[in-house]
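I looked up the contacts in turn and recorded each term with its cut-offs.

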2 protein chains.
Amino acid sequence: MKKTNSKTPTTRIQRQKRLVILEAALEVFSKHGFRGSTLDQIASEAGISKPNILYYYASKQEMHKELIERMMDKWLAPLEEMNAKGDPIAEISAYIKRKLEMARDYPRQSRLFNNEILQGAPHIIDLLEGELKILVDEKAKVIANWMKKGRLTKTDPYHLIFSIWATTQHYADFDVQVCAVLGEKSAINHRFKVAQKHLDLLFVRALEVE
Amino acid sequence: MKKTNSKTPTTRIQRQKRLVILEAALEVFSKHGFRGSTLDQIASEAGISKPNILYYYASKQEMHKELIERMMDKWLAPLEEMNAKGDPIAEISAYIKRKLEMARDYPRQSRLFNNEILQGAPHIIDLLEGELKILVDEKAKVIANWMKKGRLTKTDPYHLIFSIWATTQHYADFDVQVCAVLGEKSAINHRFKVAQKHLDLLFVRALEVE
DNA sequence: ATAATTTTTGACCATTTGGAAAAATATTAA
DNA sequence: TTAATATTTTTCCAAATGGTCAAAAATTAT
């Protein structure tokens, strides 16, 4: 026998297998949340047997934990990139673009996050109150500074950030609804192009100082 | 014995009991989604035994169905009120206010909806593609008309509506995150007052034609 | 009070669930 | 090839779950 779990899989084959499983787990967890997902579903999605999954991951929890961790890293990155030295409007515009691209390219991660929050963020509450809060505090200060200097219209920086999160993630989390309302006519690429243009207009026009 | 279910409970006591159960079910379903919720949880939340719940509701499904139906009615109302004859900016501003008040006053219903959408809207997809789409088509046309007349800045009316949905519901669905980031300092009343002001500024400034 | 009826619950059941054990099947090393 | 090792699956289990049923308790009607 070999180690049944562990943070760093030895061989590349093992790492790949773990990825296949994670992929399946993401598919299931993002739809049904932790409690609503079953190992059988994940196994079926991954095309292998249930005990085989437990050979690579010690438990359902462990899979979920790894998914959440990977997702949080991705999730925080776009905001970190926001640069205090840059042009305020351009920086915010670029941030929105990055966030929207994330919603387009990683919708399941977004839904996984959404699910976690809906359940009261049991696994990441510390992260939210710690790392995330610190990051947002910092960027809110940057934005507040831009506003003070008259380079941005004044509004609450925190709620501005919330608005950006909300509008961009909406296209991942509420995809079914967006598609239902827009009807078949809207291909994903076109949809996101229009969304991008709309959000840019919305935030830029609101924040621009004439 | 008596009827175990039925759309219209006979006595007032029965109607009240069903309400108590629905209330508990809402609490649980909104957090864990349909699959992740158990009758035991709901029973415990309601303070009665599991079989007693099934005396009033024939099944878990039936409870969920009634909750979803009640919620959808509430959910559609604010948009219906948007009036083509009114002043565009005032109408949109009022719509945002109504939606935000719903997020404040009925956060669990919002989360129930969020959960349903995350799971692919299995129970309401018809409603979304039917009733909701028709309503949004109609209101999008109204907004498009305002824009054509130069009374609102031009942008995609559908995505504008999505942005309003996203930003307002965010305060219900992502409450945990909002609170974590804002810290303890922010009481709910104050939080929503600031949110209201921010969203009003965001949308009004973006849409106003100078 | 007593009977009839409604409400509530404890005991139970079949199925599903997360997970363990061990046998069976690859794969690699010698 | 053969032994050692790594992987996969079949079988199983105890707990949890949605739901049933009949008996108990409470309520209402007479």
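**Entry 1: DNA strand D**

I began with the phosphates: a polar side-chain atom of A:Q14 lies 3.0 Å from a phosphate oxygen of DNA strand D.

Before going on, I recorded the conventions. This is a predicted model, in which local features need pLDDT of at least 70 and side-chain atom pairs count only at pLDDT 80 or more, while totals for chains, interfaces and linings use all residues. Residues are numbered from 1 along each chain as its sequence is written, chains are lettered from A and ligands numbered from 1 in the order in which they are written, and side-chain values use heavy atoms, with hydrogens and water left out.

I then listed the surroundings of the strand, taking a residue as near if one of its heavy atoms lies within 4 Å. There are 18 residues around DNA strand D, and A:K17, A:N52, A:Y55, A:Y56 and B:L39 come nearest.

By class, I recorded 7 nonpolar, 6 polar and 5 charged residues near DNA strand D. Here Ala, Val, Leu, Ile, Met, Phe, Trp, Tyr, Cys and Pro count as nonpolar, Asp, Glu, Lys and Arg as charged, and the others, Gly among them, as polar.

**Entry 2: chain A and chain B**

How many residues does each chain bring to the contact? I found 61 residues from chain A and 61 residues from chain B, contact meaning heavy atoms within 4.5 Å.

The size of an interface is often given as the accessible area lost when the parts come together. I therefore used buried area, the accessible area (1.4 Å probe) that two parts lose on being put together, summed over both. Between chain A and chain B it is about 5200 Å², of which carbon and sulfur atoms give 65%. A:L118, A:V181 and A:R205 supply 14% of the area that chain A buries against chain B, more than any other three residues.

A:R205 also forms a salt bridge with B:E210, the closest N and O atoms being 3.1 Å apart. The term requires a side-chain nitrogen of Lys or Arg within 4 Å of a carboxyl oxygen of Asp or Glu. I noted 2 salt bridges across this interface.

**Entry 3: the domains of chain A**

For chain A, the domain assignment, which is automatic or from a database, gives domain 1 (12-63) and domain 2 (67-207). Their C-alpha centres lie 28 Å apart. I found 14 residues of domain 1 in contact with 9 residues of domain 2.

The two domains of chain A bury about 990 Å² between them, 56% of it on carbon and sulfur atoms. On the side of domain 1, A:L22, A:L26 and A:S30 supply 49% of the area buried against domain 2, more than any other three residues.

I counted 2 salt bridges between these domains. In one salt bridge, the side chains of A:R108 and A:E27 meet at 2.7 Å, N to O.

Key:
A polar contact is a pair of N or O atoms within 3.5 Å; within protein, one must be able to donate a hydrogen and the other to accept it, and residues adjacent in sequence count only if both atoms are side-chain atoms.
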